[in-house]
Each structure stands twice: as C-alpha cells, then as structure tokens.
Amino acid sequence: MKYNNILLEKREAVAVIRLNRPEVYNALNNALMNELSDVLAELDADDGIRSIVLTGNDKAFAAGADISEVRTLDFSRAYREGFVSANWEAVTRCRKPVIAAVAGLALGGGCELAMMCDLLIAADNARFGQPEVKVGTLPGAGGTQRLTRAIGKAKAMDLCLTGRMMDAEEAERSGLVSRVVPAAELLEQAVSVANEIASYSLMATMINKDAVNQAFETTLKAGVDYERRLLWSSFASEDRDEGMSAFLEKRQPRWKHR
C-alpha cells in the first residue's frame, strides 16, 4: 500500500514507521492519522513483524495537531465525526510492542501520540509539551490523563497550565521517557531495542504488554489477579515450554510465537 504522509520500512522482524510531513514539523492531520491507523493494523496482522518503531525526523517527532485543519471544526462536526476518537488511538489498540523514537519537538498531539506507545526513547534534543492552553483549549488525545499518570499531578498541571516545554533530561527524570540517547544514535538505538524485543517470543511480549497496561485500568488487587491469570495461561503456550527447556539445556530457544 502506498502512503503519502508516512514512510514504512521493514527490517526483518522490526517495522519502522516514519511520520513524513517535514514541511509542517509532522503536524498531525486527518490524512496522516488515517494512514497511521491503516499501517498499524497491517503490521499487527503481519506474522513476520514482532515489534514496531514510530519516529519522525531530526527536528520533530510531531509538533502537534494540524491547527489549520482543527481550526475549521465546530462542536457539531467534531462530535459527529468523532475528532480524535475516530483515528488517533490505533497505537493503543496495537497488540505488538510499539517504541516511540522522539527527536526534536513532541508537542500537543505529538506528545500524546508518543505517550500512547509502549516505550518512549528520546534523543537528547527532544522537547515535550502540551501547549494547547496557548490556543484556548486543552489536550484532547489523552494528554491530561496519560501525562498525569506518567509524571504526576504537579508536573502535569505545570505543563498543561503554562504550556511550557520540558527537555529530554527533565522528561527522563520525571518518568515520561524510558531513556535518553544522543540524537545521532536515536533510530539506531530504538531499532536495537526493537530487535531485542523481537528476539523473544511474541506471545510473551504481548502478554507482558497486556499486563503492564492493565495496571492503569484497575485496582492493585484486580491487576495482580489479571497478571496471575496471564501467568497461568502462559503455561499452556508452546513458547513457555521451549523457553524453559532451552534455559535448562543451556541453548538458545527456538520460538514458535505461540
């Protein structure tokens, strides 16, 4: 399938998706988000892909929603068309691990899109923020919710009420990003992490992702019970048997991903 706003590259078991509207700092418009939804569904169904990297360019992961497009929306149209809800949350539905590799600006919807991913690796020149207050509105793709869960109420209020940007060092210190790497090595290191994840059983990485995500949806007791049921269910998988046999026999496992 040909895409106009993204670039797709498959590196064996790893897929790299690059947001590709450089003339507007990868501003997220409806066409781009439709394409991103389509490609994530395609990759989720591709048995040869076991992890995904989502990135932008050196200047911007994404500078936010495309204001020229959003400006035309009124309440009736936004409600009827399901603005954001219709096509922004495909990342959250992808069952395979998704790594955000962020350089430059990740603002507004760009920050929100990065937070939808499972791991967030930042270049040392990355800057994050939710500046929607500056244009008379608020984050609408989970920014007030995911940001607060990631960095706490005090920091989230600071960013949302002032619209200021947070650099990569502060983002790592606050718990927003997994690690910070030199900008020149960002994609290389993100793909390296993706390859490491892809080297494991897809069944195992999927249930680990499922269990961690459940922590944000429920109480501790319910979450631990859910984790326990996933643990028990893993005992029925071929890869659990292969992994433990390989460990005891001191050899590399031969995963069947089931």
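**Exercise 1.** In this predicted model, determine how exposed Phe 83 is, and then classify the geometry of the pair that Phe 83 forms with Trp 88.

*Solution.* Begin with accessibility: Phe 83 has a relative accessible area of 35% and is therefore partly exposed, given that this class lies between the limits of 20% and 50%. Trp 88, by contrast, has a relative accessible area of 5%, so Trp 88 is buried. Turning to the rings, their centres are 6.5 Å apart and their planes stand at 75°; because planes over 60 degrees apart count as edge-to-face, the pair of Phe 83 and Trp 88 is edge-to-face.

**Exercise 2.** Classify the aromatic pair of Phe 75 and Tyr 79, and explain how the two residues are placed along helix H3.

*Solution.* The centre-to-centre distance is 5.6 Å and the angle between the planes is 25°, which makes the pair stacked. Phe 75 and Tyr 79 are 4 residues apart in helix H3 (residues 75-81), so about one helical turn separates them. Both Phe 75 and Tyr 79 are exposed.

**Exercise 3.** Characterise the salt bridge between Glu 170 and Lys 155, including where each partner sits in the chain.

*Solution.* The closest N and O atoms of Glu 170 and Lys 155 are 2.6 Å apart. Glu 170 belongs to helix H8 (residues 168-174) and Lys 155 to helix H7 (residues 153-162), so that the pair, 15 residues apart, links distant parts of the chain. As for accessibility, Glu 170 is buried at 10%, whereas Lys 155 is partly exposed at 28%.

Terms used
Residues numbered from 1 in each chain as written. Predicted model: local features only at pLDDT ≥ 70, side-chain atom pairs only at ≥ 80, totals over all residues. Heavy atoms only, no water. Phe/Tyr/Trp six-rings, centres within 6.5 Å; stacked < 30°, edge-to-face > 60°. Buried < 20%, exposed > 50% of the residue type's maximum accessible area, 1.4 Å probe, protein only. Salt bridge = Lys/Arg side-chain N within 4 Å of Asp/Glu carboxyl O.
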